[in-house]
Amino acid sequence: MAPILSVEGLSVGFLTDLGFRETVHEVSFSVERGKTLCIVGESGSGKSVVCQAILGILARNGRRTGGRVLFEGRDLCTFSEREMETIRGKGIGMVFQDPLGSLNPIHTVGRQLRETLILHTDLDERGRQRRAVELLRMVGIPEPERRLASYAHQFSGGMAQRVLIAMALACNPKLLIADEPTTALDVTIQAQILDLLNRLKTEIGMGILFITHDLGVVAEMADDVVVMRHGRQVEVGSIQDIFVRPQMAYTQELLASMPHLNRKAPIYRENA
Ligand SMILES: Nc1ncnc2c1ncn2[C@@H]1O[C@H](COP(=O)(O)OP(=O)(O)OP(=O)(O)O)[C@@H](O)[C@H]1O
Ligand SMILES: [Mg+2]
């Protein structure tokens, strides 16, 4: 089956005080249905810029300088801003790093969920209420009916991230883009959110594009991996390719710098 998302030779640049500079150079990968592709790389390697370019939410001084972004076979770069708004609401869900900062502090969580449903579905009021409860239950929030009346500050970081995942899933997107969704959370909560995403991937069959700088997270999440450095993709392959037979010196260095990963190494032994 064709991949949900194909990024082909994507390049992006920004106009800065020093003039126009290309910061992402010819990145190519695809995300399959029911699979997770992780982009991993050090800070500043261009991971978030790639996400933003896919979603059409680059900063005003940025623009795509080359390549294509195919979502279900259609080139998103030819879409109008209005068409992209629909894609971002219904086709592609998004989750970012700072869950409490991403929720609106002055409206209840229920209102925010229902607003998403008003914009992107034709459910009536009762349907929206039912769907909002169902979504909170799906992401593991206890007492969902009651929690719909809560405000952002009444949620812990981990629970707020669950709410944002529920919002991203409200319209059954085919693809979820998650840019460091667990970086701001402590380790046990991080593990719960990763489990949740893995479960949803299997249950809903959506593709996930997951951004992280943490190879431990890659080991938990990825089917496929893109390693980025200085705006370039230095390696792309399956999780086995990357962990068992890293081709590039940089990837080998990255793996070697994470001793705790050696404990996981047997999982990736060939034919294991
Ligand atoms: N609006 C902008 N104007 C100019 N340069 C930018 C802009 N946004 C990003 N960049 C540059 O693009 C490069 C890649 O940034 P990006 O945010 O994608 O890194 P990242 O891999 O997501 O890092 P991190 O792990 O810290 O989130 C950086 O050098 C950054 O300075
Ligand atoms: Mg980033």
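Modeller: Gladly, and please keep in mind that this is a predicted model.

Biologist: Then let me start with two helices. Why are α4 and α7 called roughly parallel to each other?

Modeller: The axes of α4 (residues 109–120) and α7 (residues 157–169) cross at roughly 20 degrees. Angles under 35 degrees count as roughly parallel, and therefore α4 and α7 are given that name. Their axes also come within 9 Å, and α4 passes α7 in a right-handed crossing.

Biologist: Which residues make the contact between α4 and α7?

Modeller: From α4 come V109, Q112, L113 and T116, and from α7 come V163, A166 and M167. Sorted by class, this contact of α4 with α7 has five nonpolar, two polar and no charged residues.

Biologist: And α7 beside α8: what makes this pair roughly parallel or roughly antiparallel?

Modeller: Again we set the angle against the cut-off. α7 and α8 (residues 187–204) pack at about 20 degrees, with axes 10 Å apart. Roughly parallel means under 35 degrees, so α7 is roughly parallel to α8. The crossing in which α7 passes α8 is right-handed.

Biologist: Which residues of α7 and α8 meet?

Modeller: In α7 they are G157, G158, Q161, R162, I165 and L169, and they meet I189, Q192, I193, L196 and L200 in α8. By class, that contact has six nonpolar, four polar and one charged residues.

Biologist: Now the strands. How do you know that β1 and β2 are joined, and which way do they run?

Modeller: Two strands pair if there are at least two bridges between them. Nine bridges join β1 to β2 (residues 19–31), so they pass that test, and they run antiparallel. A hairpin through two residues links β1 to β2, and F14 stands opposite R21 in β2.

Biologist: Which residues come nearest to ligand 1?

Modeller: F14 is one of them, along with S43, S48, V49 and A59, out of 15 residues around ligand 1.

Biologist: Which element gives the most to the shell around ligand 1, and what classes of residue does the shell hold?

Modeller: α1 gives the most, with three residues. The shell has three nonpolar, eleven polar and one charged residues.

Conventions: Residues are numbered from 1 along each chain as its sequence is written. Chains are lettered from A and ligands numbered from 1 in the order in which they are written. This is a predicted model: local features need pLDDT of at least 70, side-chain atom pairs count only at pLDDT 80 or more; totals for chains, interfaces and linings use all residues. A residue is near a molecule or strand if its C-beta atom, placed from the backbone, lies within 6 Å of it. Helices (H or I, at least four residues) and strands (E, at least two) are DSSP runs, numbered from the N terminus. Ala, Val, Leu, Ile, Met, Phe, Trp, Tyr, Cys and Pro count as nonpolar, Asp, Glu, Lys and Arg as charged, and the others, Gly among them, as polar. Axes are lines fitted to C-alpha atoms, for helices over the stretch in contact, and angles run from 0 to 180 degrees between N-to-C directions. Angles under 35 degrees count as roughly parallel, over 145 as roughly antiparallel, 65 to 115 as roughly perpendicular and the rest as oblique. A crossing is left-handed if the near helix is turned anticlockwise from the far one by less than a right angle, and right-handed if clockwise. Two residues are in contact if their C-beta atoms, placed from the backbone, lie within 7 Å.
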